[in-house]
Amino acid sequence: MSVYIRSIETAVPTTVLQQDQTRDAFAAQPGLGRLGQRLIHSTFSASGIERRYSVIDDFDFEQDRDLRAEPVFFDRDTAQMLNPGTAIRNRVYTSRAAELFVEAGKRALKACDGIDAADVTHVVTVSCTGFFAPGPDFMLVRELGLAPTVSRQHLGFMGCYASLPALRVAADFCRADPDAVVLVVSTELCTLHVRVSNDPDTIVASSVFADGAGAAVVTAKPPGQDTAALRIDRFGTVITPVGEGDMAWTIGDHGFEMVLSKYVPHIIDEHILGALEPLLAEEPELARSPKESVRHWAIHPGGRSILDKVEAKLGLSEAQLIPSRDTLRDYGNMSSATILFVLKHILDGRREASLGAILPGETGPGETLADESVPDRDERVAAMAFGPGLTVETALLTRLPAVATG
């Protein structure tokens, strides 16, 4: 039975973190050594990020001084980063994450033709940056007007890869019940846990993490021909033999503590081919030449160096990684929500042509196709996300473009 991602929508908070402005604020903090200051400048500048979003209103430098609340995370009068305890950070998460969960879920339902709130049978929520109960699954049922009998599941504290297991759970529900309509929503408020430090791993984390939400509607009912969708073909998961301590997520007295080692890109470089093998094994053509046979690559942009390693190791073109690099540039790393931003980029058709790039099988100005059958081939999509463990979650999908009618 085929299962489809019928819509993907996203939401971000209103506070914009311009990367150069954020870099300078971090580098100016007291207690940093000269090496720490240099690492902040180089790491933030080489991140591939131009802007990120945050729920922390203290970072809204455009807000009128008279409207400012008492600072909790950043005192703009003294330009000092503050260090609230975990309870205060989680209190902010409770209120602000709920807003984004609801907004992203509402947008995904509105964008799904023929589906409304009354049709939803299952809710799957994802987050690793905070906790509260009744949780986000409950909030979605109440605020979106879903039936009180909706089945609810929450995937918590899994890290950056968790939206792919959430989509797998959704697909399983739909295969078990062809009438199921599953709303998947991931929301992460990573900036609640940023901190000032001389530690290189902490500096890397502070340079990339951001806040955002993504939501998807999954059904076994196929979409209409006039609506693009992603058919879910299969999922895979692999734990690499090394890296358990290089990407980790723990709870400290002053927020959640992320370990994002500089060795993560090297681990991915060494083990990415092995992680892909189980996903592609059922289709020999894909396994033999994935870079030619898979048109779109939705790689979780954990950082610029990770994307560089994936591109080089798999021999991908620059065009094939534009959805991931665009997401990193415009939003940063929003942990588990990020892969939904990348998949939305692909689903919406905001493709490489926008930058003048040419994909295999496409033509540039004045060129013709040697093989007229190439543009009609399936638009296969390989998705890949990395998280604590080091765990590699993968998904193989097919993009079904909208067909113009009339």
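Reply: Of the contacts in the protein chain with a separation of 6 or more, 76% are between residues 24 or more positions apart; a contact means heavy atoms within 4.5 Å. The model is predicted, so local features need pLDDT of at least 70 and side-chain atom pairs count only at pLDDT 80 or more, while totals for chains, interfaces and linings use all residues. Residues are numbered from 1 along each chain as its sequence is written, and side-chain values use heavy atoms, with hydrogens and water left out.

The protein chain holds 12 helices and 15 strands. These are DSSP runs numbered from the N terminus: helices are H or I with at least four residues, strands are E with at least two. Buried residues make up 54% of the 406 residues, where buried means under 20% relative accessible area, exposed over 50% and partly exposed in between, with a 1.4 Å probe and protein chains only.

Let's look closely at the open sheet. Its 9 strands come in the order S7-S6-S8-S9-S1-S10-S15-S14-S13, with mixed pairing; two strands pair if DSSP finds at least two bridges between them. The edge strands, S7 (151-156) and S13 (296-299), each pair on one side only. On average, neighbouring strands of this sheet are turned by 25° against each other, direction ignored.

Now follow some of the pairings. Strand S8 (residues 181-189) runs antiparallel to strand S9 (residues 211-219) over 9 bridges, and valine 182 has valine 218 in S9 as its bridge partner. Strand S1 (residues 3-11) and strand S10 (residues 229-239) are also an antiparallel pair, with 3 bridges; there, tyrosine 4 is partnered by arginine 231 in S10. S10 and strand S15 (residues 391-400) form an antiparallel pair over 10 bridges, with valine 238 opposite valine 392 in S15. A handy rule for reading any such sheet: in a regular strand the side chains alternate between the two faces.

H5 lies across S1, strand S6 (122-127), S7, S8, S9, S10, strand S14 (379-387) and S15, at about 120° to S10. Axes are lines fitted to C-alpha atoms, for helices over the stretch in contact, and angles run from 0 to 180 degrees between N-to-C directions.

H5 (residues 163-176) also meets helix H12 (residues 338-347): their axes come within 8 Å and cross at roughly 70°. That angle makes H5 roughly perpendicular to H12; angles of 65 to 115 degrees count as roughly perpendicular, under 35 as roughly parallel, over 145 as roughly antiparallel and the rest as oblique. Here Ser163, Leu164 and Leu167 of H5 touch Ile339, Leu340 and Leu343 of H12. By class, these residues are 5 nonpolar, 1 polar and no charged. Ala, Val, Leu, Ile, Met, Phe, Trp, Tyr, Cys and Pro count as nonpolar, Asp, Glu, Lys and Arg as charged, and the others, Gly among them, as polar.

S13 is among the elements covering the buried residues of H11, together with strand S3 (51-54), H10 and H12. H11 is mostly covered, with 7 of its 10 residues buried, including Ile322, Pro323 and Leu328.
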